[in-house]
Amino acid sequence: MLAALSIRDIVLIDRLELQLAPGLCALTGETGAGKSILLDALGLAIGGRADAGLVGQGAEQGSVTAVFDVAAGHPARNILRENGLDAEGDLILRRVQAKDGRTRAFINDQPVSVGLLRQVGDALIEIHGQHDERGLLDASGHRALLDIFAGLTAKAAELRGLWAATAEARSAFTHHEASLARARAEQDYLRHVVGELDELAPEPGEETRLAEERTLMMHSEKIAVDLIEARDALTGDGGLEARLAQALRRLARAAEQAGGRLDTAIAALDRTLVEAADARDEIERATRALEFDPQRLERAETRLFALRAAARKHNVAVDNLAALADKFRGELADIEGGEAKLAALKKAADEAWAAYLKAAEALSAARTKAAAKLDQEVARELKPLKLEKATFKTSVERLAPESAGPDGLDRVSFLISTNPGAPLGPLIKIASGGELSRFVLALKVALASQGSAPTLIFDEVDAGVGGAVAEAVGLRLADLSRAAQVLVVTHSPQVAARAFHHLRISKSEKKAKDARVATSVEKLDAGERREEIARMLAGATVTDEARAAADRLIGSHP
């Protein structure tokens with residue numbers, strides 16, 4: 001519920017602090033006292049339209065803060081959690097309106113977008129006025145309201161899941177169908193390319209290996225000269241091997257008289273001689289391997305140029321030619337096995353659609369049945385509200401399957417006719433201001449048992465009626481307030497007498513800055529409430545008869 005409201009410098013309200021309670025609260029006051037200002041301020045706090053004209057005279061900015069006490073699992077808390085915001089404790093919605101037109105929004109002292117503020121505000125408060133076009137008057141929400149009334153929200157959620165599964169299955173089918181069509185169109189080309197690549201048989205890393213081989217062979221003659229000179233340095237007359245062998249023989253002869261002092265040197269020379277021989281053998285092998293072969297060079301160049309030409313043709317790297325061949329082979333295989341896969345995907349899509357359609361038809365039948373029940377419950381409320389000649393109908397229009405969507409096959413709208421024989425039409429277009437408010441009240445009473453926003457505000461729901469009709473309006477507002485907090489702006493003493501709490505809105509010059517007129521709000525005690533209801537009955541001059549009538553009205557409160 002709305003627990004508190006704080007207003008600073010909004011139009012004629014300089015400073016206002018209100019504490020509110022559960023049940024039915026009446027807001028009364030003379031015409032022009034500022035009741036609409038209070039509602040405009042509250043609307044600003046819950047994401048309503050911003051307007052620099054709301055800022056009070058002489059102020060740079062105005063602000064409105066609304067504090068809500070709601071259950072732990074309330075949808076508003078879930079919205080905050082989904083947006084990564086603190087959702088514990090009281091929910092505090094605040095809006096700051098600057099004189100230059102800028103506006104800022106906060107929830108629990110955290111900056112938020114106005115869109116998020118409005119989304120949370122819509123979950124916390126419903127404002128129903130003579131010119132309100134949101135809530136029950138918005139046809140786009142009628143289907144969801146009917147589902148809530150009938151307890152069909154879970155089935156509606158399941159249907160949205162089936163719709164998503166159908167869309168996914170259809171997407172998979174159309175994607176494969178398009179791929180298969182492209183593959184069929186390119187089938188001959190694919191076979192030709194795969195044949196060419198299979199004949200070429202490219203291998204990963206082959207380009208690098210061939211390039212290195214080509215470069216090596218092109219320089220083989222120069223390398224061979226260096227190898228021969230290196231080999232001669234090792235093995236020629238006076239070469240390293242001969243000198244090492246000679247040194248080793250002389251040390252061996254001297255070793256017998258050296259007493260072991262030459263053993264380390266002899267071992268080192270022996271190892272060096274072995275390694276020199278190994279080096280000579282490696283040089284010989286390299287010489288043979290690098291022996292210039294014009295035909296081998298030609299083969300390497302031919303192969304390298306063929307690979308690179310194929311890569312340029314298909315706009316891929318040489319190392320990706322093998323993968324390209326595999327890809328094209330896969331596309332050919334898809335063509336050969338694609339028909340079977342396409343048939344399987346088509347079957348899956350058809351089955352998903354059939355499951356969706358079955359559930360949608362069942363939901364449609366349930367909605368149609370619930371619509372008749374809702375019509376009956378609203379009709380029961382219309383007679384006491386002096387709308388006995390009016391007709392209310394919940395229209396469940398069955399759509400063609402091709403117009404189906406995630407919410408099913410139905411277009412739901414609330415229609416009325418205010419006179420017998422007159423055609424049915426949308427609620428907001430057919431009813432007059434007073435009738436519209438009473439229709440909304442009848443609907444809210446019928447829907448209240450299935451849940452609504454925790455706070456409901458009715459702006460002059462009793463407009464244009466009096467006597468027994470106003471009494472009926474008050475009774476239904478009181479009944480409605482057992483399920484939700486209800487605030488009603490009223491000029492009817494019959495309605496005000498049914499309230500559990502009473503706020504009087506008035507204009508005053510005494511509390512205003514610079515002797516300006518200001519709007520104030522007072523919470524009335526029992527005596528003040530009696531006097532206010534007497535004023536509503538009698539007008540400017542309150543008589544004892546009016547006070548007695550007020551006592552009777554208040555005393556009739558159940």
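The model is predicted: local features need pLDDT of at least 70, side-chain atom pairs count only at pLDDT 80 or more, and totals for chains, interfaces and linings use all residues. Residues are numbered from 1 along each chain as its sequence is written, and side-chain values use heavy atoms, with hydrogens and water left out.

Helices (H or I, at least four residues) and strands (E, at least two) are DSSP runs, numbered from the N terminus. Two strands pair if DSSP finds at least two bridges between them. Contact means heavy atoms within 4.5 Å. Axes are lines fitted to C-alpha atoms, for helices over the stretch in contact, and angles run from 0 to 180 degrees between N-to-C directions.

At one end, β14 (residues 501-508) and β15 run antiparallel and are joined by six bridges. Lys 507 has Thr 519 in β15 as its bridge partner.

## The three-stranded sheet

A second open sheet has three strands in the order β9-β10-β11, with antiparallel pairing. Its edge strands are β9 (391-398) and β11 (425-426), each pairing on one side only. Strand β10 (residues 410-417) is joined to β11 by two bridges. Within that antiparallel pair, Ile 416 stands opposite Gly 425 of β11.

Helix α4 (residues 142-150) packs on this sheet and touches β9 and β10. Its direction makes about 90° with that of β10. Helix α12 (residues 321-382) lies across β9 and β10 too, running at about 170° to β9.

## Helix pairs

Two packed helices are described by the angle between their axes and the distance between the axes. The table lists three pairs.

| Helices | Angle between axes | Distance between axes |
|---|---|---|
| α17 and α18 | about 115° | 8 Å |
| α4 and α12 | roughly 85° | within 10 Å |
| α2 and α3 | roughly 160° | within 8 Å |

Angles under 35 degrees count as roughly parallel, over 145 as roughly antiparallel, 65 to 115 as roughly perpendicular and the rest as oblique. For handedness, a crossing is left-handed if the near helix is turned anticlockwise from the far one by less than a right angle, and right-handed if clockwise. For residue classes, Ala, Val, Leu, Ile, Met, Phe, Trp, Tyr, Cys and Pro count as nonpolar, Asp, Glu, Lys and Arg as charged, and the others, Gly among them, as polar.

Take α17 (residues 526-538) and α18 (residues 544-555). They are roughly perpendicular to each other, and their crossing is right-handed. On α17 the contact includes Ile 533, Ala 534 and Leu 537; on α18 it includes Ala 546, Ala 550 and Leu 553. By class, the contact has nine nonpolar, no polar and five charged residues.

Helices α4 and α12 are also roughly perpendicular to each other. Arg 143, Leu 146, Asp 147, Phe 149 and Ala 150 of α4 meet Arg 367, Ala 370, Ala 371, Lys 373, Leu 374 and Glu 377 of α12. These divide into six nonpolar, no polar and five charged residues.

Helix α2 (residues 75-82) pairs with α3. The two are roughly antiparallel, and α2 passes α3 in a right-handed crossing. Ala 76, Ile 79 and Leu 80 of α2 make the contact with Leu 116, Gln 119, Val 120, Ala 123 and Leu 124 of α3. This contact has seven nonpolar, one polar and no charged residues.

## Two single residues

Buried means under 20% relative accessible area, exposed over 50%, partly exposed in between (1.4 Å probe, protein chains only).

Ser 63 lies in strand β4 (residues 61-68). Its relative accessibility is 16%, so Ser 63 counts as buried. Leaving out residues up to four places away in sequence, Ser 63 touches Ser 6, Ile 7, Arg 8, Ile 10, Arg 95 and Val 96.

Asp 350 sits in helix α12. At 38% relative accessibility, Asp 350 counts as partly exposed. Asp 350 and Thr 166 are 184 residues apart in sequence, yet 8.2 Å apart in space, C-alpha to C-alpha.
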